[in-house]
Amino acid sequence: MQAARLPREGGDTAFACMTRAYAALPADIKARIEGRRAIHNPSKLVNPRVEISPLRKDAAAFYAGQSARFAEVSHPIVRTHPATGEKSLYVQPRFTVGIEGMEDEEAQPLLDILFDHQIRPEFVYLNKWRDGDLLMWDNRCVIHYATGGYAWPDIRTMHRTTVLGDRPY
């Protein structure tokens, strides 16, 4: 991603290393997630952990359209990197909405544990963008999110290129 235009303040991006997060999980949690698959959905309408901005008037229609266009998918909760062989978590609060074959009463608290764990300070790098910065990362073992901290009419414009990847295994 390349920073094309940055706000006067804010607009940073946080990255969390899912390989380190997985390695640091307690053995009992690793045992609970081993072989399990997480359910991912792009629509914010079905994710109780995500808030839709009240400033975005078309949000409900936009996310309803996403629900109609994109089916839920499942991926392994623990992914093995095809190049390094390392295991990493493959869940994140924006898209992961459940665990296959597990009732929500059990799945949601387990996901909360994983989500809280994966953003511990020792796994996170905060990138403070400067004009023209170019940053590359591997989505197979890192999660990221924009931290906000700026308001209209200030704006953050980024150019992103995504390389076709492989299927999680």
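## Strands that pair

Phe-15 stands opposite Tyr-125, a residue of strand β8. The model is a predicted one, in which local features need pLDDT of at least 70 and side-chain atom pairs count only at pLDDT 80 or more, while totals for chains, interfaces and linings use all residues. Residues are numbered from 1 along each chain as its sequence is written, and side-chain values use heavy atoms, with hydrogens and water left out.

Strands β8, β2 and β9 form an open sheet of three strands in the order β8-β2-β9, with antiparallel pairing. Its edge strands are β8 (124–127) and β9 (142–146), each of which pairs on one side only. From one strand to the next the twist averages 20°, where the axes are lines fitted to C-alpha atoms (for helices over the stretch in contact) and the angles run from 0 to 180 degrees between N-to-C directions. In general, strands of a sheet pair through backbone hydrogen bonds, either parallel or antiparallel.

## A second pair of strands

Strand β3 (residues 37–40) pairs with β4 over four bridges, in the antiparallel sense, and Arg-37 stands opposite Pro-76 in β4. Buried means under 20% relative accessible area, exposed means over 50%, and partly exposed lies in between (1.4 Å probe, protein chains only).

## A helix with one buried face

Which residues of helix α3 are buried? In this helix, residues 59–69, they are Ala-59, Tyr-63 and Gln-66. Seen down the axis of α3, these buried residues fall within an arc of 50° and so line one face of the helix, the arc being that of the directions from the helix axis to the C-beta atoms. The face turned away from the buried side of α3 carries the exposed residues Ala-61, Ala-68 and Arg-69.

## The nonpolar cores

A nonpolar core is a set of buried Ala, Val, Leu, Ile, Met, Phe, Trp, Tyr and Cys residues joined through side-chain atoms within 4.5 Å. The largest such core has 21 residues, of which Leu-25, Ile-33, Ile-77, Leu-89, Ile-99 and Leu-114 touch the most other members. The elements giving two or more residues to this core are α1 (18–23), α2 (27–33) and α4 (104–118), and α4 gives the most, with five residues. Apart from this core lies another, of nine residues, among them Met-1, Leu-135, Val-142 and Met-158.

If neighbours within four places in sequence are left aside, Ile-99 is in contact (heavy atoms within 4.5 Å) with Arg-36, Arg-37, Ala-38, Ile-39, Ile-77, Ala-107, Leu-110 and Leu-111. Ala-107 has its place in helix α4 and counts as buried, because its relative accessibility is 0%. With its neighbours within four places in sequence left aside, Ala-107 is in contact with Ile-99 and Met-102.

## Salt bridges

A search of the whole structure finds eight salt bridges, each being a side-chain nitrogen of Lys or Arg within 4 Å of a carboxyl oxygen of Asp or Glu. One of them joins Arg-32 and Glu-106, whose closest N and O atoms are 3.9 Å apart. This pair links distant parts of the chain, since Arg-32 is in helix α2 and Glu-106 in helix α4, 74 residues apart. Arg-32 counts as partly exposed at 34% relative accessibility, and Glu-106 is partly exposed with a relative accessible area of 40%.

Glu-34 forms a salt bridge with Lys-87, with the closest N and O atoms 3.9 Å apart. Here too distant parts of the chain are linked: Glu-34 is in the loop between α2 and β3, and Lys-87 is in strand β6 (residues 87–89), 53 residues apart. The side chains of Asp-133 and Arg-130 also meet in a salt bridge (3.7 Å, N to O). Asp-133 counts as buried at 17% relative accessibility, whereas Arg-130 is exposed, with a relative accessible area of 59%.

Methods. Pairing = 2+ DSSP bridges.
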